[in-house]
Every structure is written in structure tokens, then in C-alpha cells.
Amino acid sequence: MNTLISKDGTIISYEKIGTGPSLILVSSAAADHKDAEQLAVQLANHFTVFNYDRRGRGQSTDSSKYAVEREVEDIDALINEAGGNSFLFGSSSGAVLALEAANKLGDKVTKLFMYEPPFIIDQSRPRVPANYVQHLNNLIGEGKRNEAVEYYMIEALGIPSEYLEYMKADPSWNSMEGMAHTLAYDGMIMGETQSGKPLPGDRWKVNIPTAIMVGENSEHYFHAAAKSLVELLPLAKYQTLSGQDHSAVVMAPNVLSNEMVNFYLKLHQNPTDISI
């Protein structure tokens, strides 16, 4: 993998493939660049894809004190490496990080693709506990990585506890344990947007073409979140992916790639029209 140095000295590792306009892939919680490898391959036919390990994951290093601003600086460093501007794609909480980067970095981000930002804006599912980040940090401080992943699965993803034993049999569980200390990072990125309250109307000033995609089979709250965000962003489009759910990045990269490419090509033909 290639490496670069972020503003605070953190080493960020990334793979670069393809040709065309640059596109940076921002992973979800408990994931590194490997989860998006097949998506990157699909997208490389149209874009120069930067698929990176977020700080504290994979081959990237970490800093002693986390702040969301540091992750925005990591994306900024990747954009500089890409030539000064880039498209962003983010999935789940990574979509919210990509949104934050687009908000902070201005015209350095020229298009935004988001897959299922996990805002909880109504009562269709339980909200994430107010002390979620603190509890995760306490578990990590006590060396309870397995328990931290369990807590994330139940409280953030809403997975019933009886399913966890089956999930632990999959090799991906060990990988998630290795990244358990970063779960609180994504909790900080989400902030109060998983509290069951409406999204803040003045938080994101993002005036670039934005595709907000949701799987047809995903839970109601993902659809509600996407539709609410579309109302706040002037150039955003809500898209439903037929037959898909929250796992599309890994399980259906071709479907996700096709939607992104179609969005880009239609905008390329008519830059003022975000309709699909």
C-alpha cells in the first residue's frame, strides 16, 4: 500500500487504482479498506480510486487523542495527493464523515456519494444511548474488546443479542475486535444525530451534487434519514437500490458501483441536473 502523512503526523495507508476523476472511499465503523476492495475494482473503470485505512485501522497509525477534525484532515491529505480536489464516497457512519469533510473542505470536494447514513431521526428504532461513546471507551480501557464490539452491534446497529454468537463464528469478528478502539470514533462522528431528533438544519453547508443511496430492503430509519438529509442539501438526490440492504458495499459492489457511475455520467452530460 501507499502511505502519506496527515497534518498531525499520522501515517495513512491507501491503495490507488483506476483512471479518471479521483474518488476517495471512506469506510464505515469496524471496517478497513479491505471491505471496499471489490467496490474499488468496480469503480476503477471510471475513477481513480483511493481506498484507504482510516486512522487506527489496518496499516494506518493513530494519534493519542482523537477528534473528528483529525479524520477530516486525513481526507484533506488524500485529496491533496489526488491533485487538489476529489469525489467522496462514504458508507454508514463513513458517509457522515464524508459529509463532514465536504462541509469543512469546500470546493476541494466536488461530488458526494453516501450509502445509508445511519441517522436516527424518529422513533422507528431505539435511539443510541447518550453515554454510548463513554461506555465504549470504558470497555476499551478495561481491555474488553469483545464486549465493545457486542455493545456496538446491539446499541448502534440494533442487532438482537441472540444473533451475536452466530456472528462470532465468522472471521470478521476477530477483525472487528482489532478495530474496537475506533468504534468510539464513529460514535463521535455521529454525535447527537442518533438521538431520535430531527437533523439539525444548519449543520452542513454542502452545495455539491450528492447521491444519497439506500437499499430497498434496509430498515425504515435508513430511508427516513436519507429523505430528511435530501431536504437539507440543495443538490442531493435520494436513490433506492433494488433488492439491497446495509451490506451492499461488501455483498453487492457491482450494484452500488453502477448507481454511482450512472449518477456521475448523467451529471457529466448535464452538470445542472441531478435527476436520475
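**Pockets and helix packing**

Q: How do the residues lining the largest pocket divide into nonpolar, polar and charged?
A: This is a predicted model. In it, the lining of the largest pocket has 26 nonpolar, 14 polar and six charged residues.

Q: How much space lies in that largest pocket?
A: The largest pocket holds about 1,200 Å³ of space.

Q: And which residues lie nearest its centre?
A: Of the 46 residues that line the largest pocket, Ser28, Tyr152, Leu157, His246 and Ser247 are nearest to the centre.

Q: Which helices and strands supply at least two residues of the lining?
A: Two strands do so, S3 (22-26) and S5 (86-91). The helices are H5 (145-156), H6 (164-168), H7 (172-178), H8 (183-190), H9 (220-232) and H10 (248-251).

Q: Which one gives the most to that lining?
A: Helix H8 does, with four residues.

Q: What about the second largest pocket: how much space lies there?
A: The second largest pocket has about 250 Å³ of space.

Q: Which residues line it, and how do they divide by class?
A: The lining consists of Arg127, Val128, Pro129, Ala130, Tyr132, Val133, Gly187, Gly191, Glu192, Gln194, Ser195 and Lys197. By class, five residues of this lining are nonpolar, four are polar and three are charged.

Q: Back to H8. At what angle does H4 pack against H8?
A: Helix H4 (residues 132-141) packs with H8 at an angle of about 170 degrees, and the two axes are 9 Å apart. Because angles over 145 degrees count as roughly antiparallel, H4 is roughly antiparallel to H8.

Q: Which residues meet there?
A: From H4, Tyr132, Val133, Leu136 and Asn137 take part; they meet Leu183, Ala184, Gly187 and Met188 of H8. This contact of H4 with H8 has six nonpolar residues, two polar ones and no charged ones.

Q: How does H3 pack with H8?
A: Helix H3 (residues 93-105) and H8 have axes 9 Å apart and pack at an angle of about 55 degrees. That angle makes H3 oblique to H8.

Q: Is that crossing left-handed or right-handed?
A: H3 passes H8 in a left-handed crossing. On the H3 side, the contact is made by Ser93, Gly94, Val96 and Leu97, and on the H8 side by Asp186, Ile189 and Met190. The residues of this contact comprise four nonpolar, two polar and one charged.

Q: What is the angle between H2 and H3?
A: Helix H2 (residues 68-82) and H3 pack at about 75 degrees, with their axes 9 Å apart. The two helices are therefore roughly perpendicular to each other.

Q: Which residues make up that contact?
A: In H2 they are Val68, Glu69, Glu71, Val72, Ile75, Asp76 and Ile79, which meet Leu97, Glu100, Ala101, Lys104 and Leu105 in H3. By class, the contact of H2 with H3 has seven nonpolar residues, no polar ones and five charged ones. Leu97 of H3 also belongs to the contact with H8.

Q: A last topic: where is Asn103 placed?
A: Asn103 is in helix H3.

Q: Which residues does Asn103 touch, leaving out those up to four places away in sequence?
A: Asn103 touches Arg203, Trp204, Lys205 and Val206.

Q: And how far apart are Asn103 and Gly18?
A: Asn103 and Gly18 are 85 residues apart in sequence, and their C-alpha atoms are 26 Å apart in space.

Conventions:
Residues numbered from 1 in each chain as written. Predicted model: local features only at pLDDT ≥ 70, side-chain atom pairs only at ≥ 80, totals over all residues. Heavy atoms only, no water. 1 Å grid on protein atoms, 1.4 Å probe; cavity = no way out; pocket = protein on both sides within 12 Å on 5 of 7 lines; lining within 4 Å. Points joined across faces, edges and corners; volume = space filled by probe spheres on them. Nonpolar A, V, L, I, M, F, W, Y, C, P; charged D, E, K, R; others polar. Axes fitted to C-alpha atoms, helices over the stretch in contact; angles between N-to-C directions. Parallel < 35°, antiparallel > 145°, perpendicular 65-115°, else oblique. Left-handed = near helix turned anticlockwise from the far one by under 90°. Contact = heavy atoms within 4.5 Å.
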